[in-house]
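Trainee: Hi! Could you walk me through this one while I have it open?
Mentor: Happy to, let's bring it up.

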Amino acid sequence: MEIPTGTQCHFSKGLLLSVLALWILQGSWAALRIRKIPEQPQKNQDLLLSVQGLPDTFQDVVWYQGEETDGGTRLFSYIPDLQRPQRDGNAMKQRDIVGFPNGSMLLRHAQPSDSGTYHVEVTINPSWTMHASTEVQVAEKLPVSTGNMTAIITGSLISGSLFIGIIAYLLVTRGWRSRSHRMATTGKPELDPSRNSGDNNIYEVMPSPVLLVSPLSDAGSTNATAPQPLPPLPLPPPPLQPESVLENHQYQELLNPDPAPYCQLVPSP
């Protein structure tokens with residue numbers, strides 16, 4: 001049985017179109033991908049699942065969490081042509097998820113329980129649907145490596161040493177300033193109280209403005225400390241007399257001696 005030539009040509013064109021459509025579909029499947037921002041989300045951090053490679057026009061976008069893509073794992077669907085484009089699914093629960101017109105989704109305040117597999121399904125037309133998936137792992141806390149831990153410990157020790165050094169410097173400087181202020185006020189250096197640990201008083205030696213006199217009972221010290229009396233002033237010389245007067249005066253003394261010196265002689269017992 002022979003196949004007509006026209007029928008064979010139509011069959012060949014149909015097969016070629018089918019293969020071409022399958023090739024385009026596979027290329028589109030490979031082009032659609034999900035980018036996580038950030039790549040390693042932490043607890044209470046916002047996570048953006050950005051869809052890349054999406055055509056400019058599409059009918060709807062559906063997000064799933066889990067290994068299967070069914071109604072129980074559907075998070076939400078996004079239909080751009082509707083007034084309220086986002087419709088939440090059964091797996092949304094109490095999560096705060098926002099969909100965008102470019103097919104991306106934002107998970108606010110991510111928790112460790114949000115970890116798992118996320119699927120996105122984009123319907124371009126009834127005969128063309130694109131898929132992509134990614135794994136999300138929300139960490140409980142930021143892991144600290146050995147190098148980071150060493151740097152943190154070293155920085156803490158250096159900061160503590162600097163703080164102690166600053167406190168010691170301030171205390172020493174304050175002591176010096178206080179001592180300098182006292183010396184500037186009194187004009188004399190302050191005595192060191194450590195020389196006499198039994199006496200907390202501070203003594204100063206000052207010159208006495210008056211002469212100190214010892215008691216009468218200490219005659220020796222009084223004579224030693226009392227000032228010596230001044231010698232009497234010499235009498236002025238007698239006036240000069242003529243020679244004749246001097247000679248007559250001498251004869252008068254011989255003729256009339258003064259008995260006073262002899263009267264003053266008292267015999268000793």
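**A chat about the chain**

Mentor: Let's start with β4, which is mostly covered: four of its five residues are buried. Buried means under 20% relative accessible area, exposed over 50%, and partly exposed in between (1.4 Å probe, protein chains only). Strands here are DSSP runs of E with at least two residues, helices are runs of H or I with at least four residues, and both are numbered from the N terminus.

Trainee: Before we go on, what kind of model is this?
Mentor: This is a predicted model, where local features need pLDDT of at least 70, side-chain atom pairs count only at pLDDT 80 or more, and totals for chains, interfaces and linings use all residues. Residues are numbered from 1 along each chain as its sequence is written, and side-chain values use heavy atoms, with hydrogens and water left out.

Trainee: Thanks. How many helices and strands does the protein chain have?
Mentor: The protein chain has five helices and nine strands. Read from the N terminus, the elements go α-β-β-β-β-β-β-β-β-β-α-α-α-α.

Trainee: And how much of the protein chain is buried?
Mentor: Buried residues are 20% of the 269 residues in the protein chain.

Trainee: Back to β4, then. Which strands pair with β4?
Mentor: Strand β3 (residues 60-65) pairs with strand β4 (residues 74-78) in the antiparallel sense, over four bridges. β4 also runs antiparallel to β5, and three bridges join those two. Two strands pair if DSSP finds at least two bridges between them.

Trainee: What order do the strands take in the open sheet?
Mentor: Five strands form the open sheet, in the order β5-β4-β3-β8-β9, and the pairing is antiparallel. β5 (86-88) and β9 (128-136) stand at the edges with a single partner strand each, so one side of each has no neighbour in the sheet. From one strand to the next, the twist averages 15°. That angle is taken between N-to-C directions and runs from 0 to 180 degrees, with axes as lines fitted to C-alpha atoms.

Trainee: How are β8 and β9 connected?
Mentor: A hairpin joins β8 to β9 through two residues. The two strands pair in the antiparallel sense over nine bridges, and N125 stands opposite W128 in β9.

Trainee: Now R74. Is that one buried or partly exposed?
Mentor: R74 counts as partly exposed because its relative accessibility is 24%.

Trainee: What is R74 in contact with?
Mentor: Leaving aside neighbours within four places in sequence, the contacts of R74 include W63, Y64, R87, D88 and N90. Contact means heavy atoms within 4.5 Å. R74 and N90 are 16 residues apart along the chain, and their C-alpha atoms are separated by 6.1 Å.

Trainee: Switching topic: which residues touch the most other members of the largest nonpolar core?
Mentor: Those are W63, M105 and V122, in a core of 26 residues. The elements that give two or more residues to this core are β2 (47-52), β3, β4, β7, β8 and β9. β8 gives the most, with four residues. A nonpolar core is a set of buried Ala, Val, Leu, Ile, Met, Phe, Trp, Tyr and Cys residues joined through side-chain atoms within 4.5 Å.

Trainee: Where is D114, and is it buried or exposed?
Mentor: D114 is in the loop between β7 (105-107) and β8 (116-125). D114 is buried because its relative accessible area is 7%. Beyond neighbours within four places in sequence, D114 is in contact with Q65, R95, L107 and H109.

Trainee: What is the phi of H109?
Mentor: H109 has a positive phi of about 50° although it is not a glycine. H109 is found in the loop between β7 and β8. Most residues other than glycine have a negative phi, and most peptide bonds are trans.

Trainee: Which peptide bond is cis?
Mentor: The bond from I37 to P38 is cis, with omega near 0°. P38 is in the loop between β1 (33-37) and β2. N44 lies in the loop between β1 and β2 too, and its phi is near 65°, a positive value in a residue other than glycine.
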